[in-house]
Amino acid sequence: MAENKIPYKIFLTEDEIPRAWYNVRADMKTDHRPILNPGTLQPMTESDLEPVFCKELIKQELNDKDRFIEIPEGIRDFYKMYRPSPLVRAYCLEEALKTPAKIYYKYEGGNTSGSHKLNSAIAQAYYAKKQGLKGVTTETGAGQWGTALSMACGYFGLDVKVFMVKISAQQKPYRKGVMETFGASVTPSPSDTTEIGRKMLEQNPDSSGTLGCAISEAVETAVKSEGYRYVLGSVLNQVILHQTVIGQEAKIAFEKIGDYPDVIIGCAGGGSNLGGLMLPFMADKLAGKQAPYFIAVEPANCPSMTRGKFAYDFCDTGMVTPLAKMYTLGATFSPPSNHAGGLRYHGMSPILSQLYHDGYIDEARAVMQSEVFKAATLFARHEGTLPAPESAHAIKAAIDEAVKCRETGEEKTILFGLSGTGYFDLGAYMLYNEGKLVDLVPTDDDLARGLSAIPEVNL
């Protein structure tokens, strides 16, 4: 290590935690299309959204003018419990791959929720408390978001009702235990506690659940419960906004060591981790400056960006939420069961969808589950951290890029997001180690059924 000028971990100080979130919409050449009222198909207004979301979060959702939005001190004080997060140089992985590339990752797993989700959870809970609400409802896939929101609501003394995708609840029972420890009530979705859940179960009693269905149940519960609002862990603008602390810190860390990434890679589910890491660097590209090559990596069994359609679609299976212009597989699409529960959403963030459509996100890749766990295992053995299956999608692409550098001799700087840890995913790792992990990929006919349900909206 003595000959290395750059340390394994590049830390920032508390004073370097961002004081404002970066709002990329103010810089985008083509802003994404407005979200639409599902009843009128007209752009949603603040008053339309008030029955569902917190007032301050609605303002952030619709804000397309302010490049930076100040982070309240109450949120920054909480951030100081686990931020700034380190930028890590993956020296041991580089050596194992025999690559001339420099590989870095931004590590977001250093909190009890084990993921980046806490960055937005604490902000949304803060605004709910400030508004005087009794509690909030939400959905969760793999459980990272539900865990993070449970922590945040426990901190502010808010009630929280979590609808967890049924297959994930079965695969990750200890996530449920952590959420309940922080005071949350957790219901596997689809459930018989909501009208939408009962309808889904009537149609398919053996349903393994989807994020779209869990969203529908959470929204229904919020609007029918006095003093509650719905909050979410990905996709919408407010969440992408909060996550930009990740990329802002990464930029500062790279400035400290006199480097800049040639390639940035993030796993792609709904877009929160991907956007949080990429967008502060995307600002350079939108300004015509030197910028990285951006790669979004999604599971082959839920390929919204690589096999989906750029169209207006409902954000939930029950079709009660606003419609968003995004890359989508259709709100009724149910992906084959997989162990990257946080990447099972049928659509992609409207912001990131527009950037990908316009060519600012350079590439989207879909990767197979077995290859993801192979990459995760290699990373764990050489870097000492067991990655979440979601994060391992980015690791797979980072390894592929580093191998290309070995073959060409290029000395690129690669940055990827390690969005969380995989210690609640040991069942999946055991299946992989036993050779029992199955790759399931939707056929064209499977996708056609979901795509055929996308509404026709000309706007």
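Modeller: Let's start with a definition: buried means under 20% relative accessible area, exposed over 50%, and partly exposed in between (1.4 Å probe, protein chains only). The model is predicted, so local features need pLDDT of at least 70 and side-chain atom pairs count only at pLDDT 80 or more, while totals for chains, interfaces and linings use all residues. Residues are numbered from 1 along each chain as its sequence is written, and side-chain values use heavy atoms, leaving out hydrogens and water.

Biologist: Okay, why is Tyr91 called buried?

Modeller: Its relative accessible area is 11%, and the cut-off is under 20%.

Biologist: And what makes Tyr8 partly exposed?

Modeller: Tyr8 comes out at 35%, in between the two limits.

Biologist: How many aromatic pairs does a search of the whole structure find?

Modeller: There are 18. Rings of Phe, Tyr and Trp (its six-membered ring) pair if their centres lie within 6.5 Å; planes under 30 degrees apart count as stacked, over 60 as edge-to-face and the rest as tilted.

Biologist: Why is the pair of Tyr8 and Tyr91 called edge-to-face?

Modeller: The centres are 5.0 Å apart, so the rings pair, and the planes stand at 75 degrees, so the pair is edge-to-face.

Biologist: What makes Lys251 sit over the ring of Phe281?

Modeller: The rule wants NZ of Lys or CZ of Arg within 6 Å of the ring centre and within 35 degrees of the ring normal. The charged end of Lys251 is 5.7 Å from that centre and counts as sitting over the ring.
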